[in-house]
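These are my notebook entries from a first look through the structure shown here. I wanted to look up some contacts and some helix packing.

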Amino acid sequence: MRSVQQIIARNKLADGIFVVLGLLALFIGIATLLALIVDLALHGAPRLSWQFFTSFPSRFAAKAGILSAWVGTCMVMLVTAACAVPLGIAAGTYLEEYAPKNWVTDIIEINIANLAGVPSIVYGLMALGLFIYQFNLGQTVLTAGLTLGLLILPMVIIATREAVRAIPRNIREAVYALGGTQWQSIRDHVLPYSMGGILTGVIIAMSRAIGESAPIITIGALTFIAFLPPAPLQATPPFVSFEWLTSPYTVMPIQMFNWVSRPQEAFHVNAAAAGLVLLLMTLLMNGIAIYLRYRFRKRIKW
Amino acid sequence: MSTLLSVLSPRARLLRRIRERAIELVLFLAALSSVAVTAGIVGVLAYESYGFFQHVPLGDFLTDTQWTPLFDDAHYGILPLLTGTLVTTVIALLVAIPLGTVIAIYLSEYAPYRVREVAKPVLEMLSGVPTVVYGYFALLFVTPLLQKIFPSLPGFSMLSAGLVMGIMIIPYVSSLSEDAIQAVPMQLREGSYAMGASRLRTALSVVIPAALSGVAAAYVLAMSRAVGETMVVAIAAGMQPNLTLNPMEPAATITTYIVQVSLGDLPHGSIGYQTIFAAGFTLLLLTLAFNIVGQMLKRRFRQAY
């Protein structure tokens, strides 16, 4: 009897040790995240001022700001979303709702799984060879937006597929029973019901795109941009202009990379401030996505 | 066939069928566009690499121990870039695999529901932080910290970049491993408990072996991620090609070489320009190999039960 109790005690001890180990591992991960945020905040927060958001980069660290960077990021993200979202949702819908079981579908599926694992810098090389030197799009907002759009395309497709797959079969059958077509079932039922999941995936993908620097460096973003692309909305007719698409640009991560790579301490402070803004943007987007996922998961009961 | 359809005139029915097919075609083309992206990537990299290998024999590329394409005395040996990639990846995996696996086991076998609900999204945020921010953190926080322990550590080192990269890829290891562990049927655990095994014994001797291919897939995919990671290494490890396995030294990886060249201004079509595509092609082949192995392992664990 005694030895059984000893065994139980020993097992409980081992379990206890493992729980401590597990919590420790979790703690290391979370503590690093906290250290990173606190470090950025300590160095960068004092630099965050109205002036920092409304100034162009400068040779003088104290005068420099992120105006061209955050405006550039917003414009590039517009192009990215316009490219990846419709294409991704359409492709995801096709694969879940229409695709027959044949070798073409197999190729597309294998291809998407592999694309999701291609390093981002390789997309940059592709864009350099194709968009810049073949299509002559130049180092413009359009090139950057398209590159990042293709980069997040697999993520949007995968998110769409998962969301669409979660819609029960009988919803579609109800539509057919009423004489509706396949497209009507998708447009009026499947897509609206899976919008929550798709939106979550799109937001996470966009937050990834906002922080991407490697492909943007490869396609040659300039780091010293002391002007803004032309505004998309004009005061004079025709009111809408697409000139901004062909304008040179810089984006937040590139601006930050540029400041980090300089030896002077003062620029590192700017880098911290830019990093803080970038981090808040991505964490906010991730937070929204997690909240959305949580809400949709709770609400839906079939 | 149905009374409702017969309400429609034959013309309307035809239009409706055409519209349905047209929409299907458009959606199919969208799906096919992803294949076009792959074709674009492989096409561009292969084409430019072909130009590169017209000048540099494959044997030199694989065996030369120097990578100095932009010097007068140009050498094109990929080995220094490969060792840099290898060292940073190994350090990252030494951090991410133990931590990620322990976290996965803890979260799925031990943690109370509430801890899991909070810990998982927070962990996922680790992979959501922009890599350039991790680079800043590695260079200006982790390196000075390490220099207090190892005073001889230079300002740029593979050690610091690898450590930070390891933390960054923890979620890749932990979330996929956890999926695999969750997929192990409850009866296996109950059988083990019935034999008098403790939780830890059950986790290590029953659950992990049953989930092994999924856990292995998580490792391989994390490895592929580490090989392709760019910004952390570019910022914190320096960008000088250096044939060494010593993590305390600065070195370049395949990815940082591409960054370094892209920051300069190389004329289109020159051999210097082509080197980044040859390096990129090597990188693509490496990550592709890892991804294919990872997916095969993943499919195996999905089929197991």
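I began with B:Val133 and, setting aside neighbours within four places in sequence, I found it in contact with A:Leu36, A:Leu40, A:Met256, A:Gly275, A:Leu278 and A:Leu279. I note that this is a predicted model. I then looked up the largest nonpolar core, which has 180 residues, and B:Val133 is listed among those with the most contacts inside it, together with A:Tyr123, A:Tyr249 and B:Ile41.

Next I turned to chain B, where helix α3 (residues 79-110) and helix α10 (residues 212-228) pack at an angle of about 140°, with their axes 9 Å apart. Since angles over 145 degrees would count as roughly antiparallel, I recorded α3(B) and α10(B) as oblique to each other. The crossing of α3(B) past α10(B) is right-handed. From α3(B) the contact is made by B:Thr85, B:Thr89, B:Ala92, B:Leu93, B:Ile97 and B:Thr101, and from α10(B) by B:Tyr219, B:Ala222, B:Met223, B:Ala226 and B:Val227. Sorting this contact by class, I have eight nonpolar residues, three polar and no charged ones.

My last entry concerns chain A, where helix α4 (residues 103-115) packs with helix α6 (residues 141-165) at an angle of about 120°, their axes being 9 Å apart. I therefore noted α4(A) and α6(A) as oblique to each other, and their crossing as left-handed. Here A:Glu109, A:Ile112 and A:Leu115 of α4(A) meet A:Pro154, A:Ile157, A:Ile158 and A:Arg161 of α6(A). By class I wrote down five nonpolar, no polar and two charged residues for this contact.

Notes. Residues numbered from 1 in each chain as written. Chains lettered and ligands numbered in written order. Predicted model: local features only at pLDDT ≥ 70, side-chain atom pairs only at ≥ 80, totals over all residues. Heavy atoms only, no water. Axes fitted to C-alpha atoms, helices over the stretch in contact; angles between N-to-C directions. Helix = DSSP H or I, 4+ residues; strand = E, 2+ residues; numbered from the N terminus. Parallel < 35°, antiparallel > 145°, perpendicular 65-115°, else oblique. Left-handed = near helix turned anticlockwise from the far one by under 90°. Contact = heavy atoms within 4.5 Å. Nonpolar A, V, L, I, M, F, W, Y, C, P; charged D, E, K, R; others polar. Core = buried A, V, L, I, M, F, W, Y, C linked by side-chain atoms within 4.5 Å. Buried < 20%, exposed > 50% of the residue type's maximum accessible area, 1.4 Å probe, protein only.
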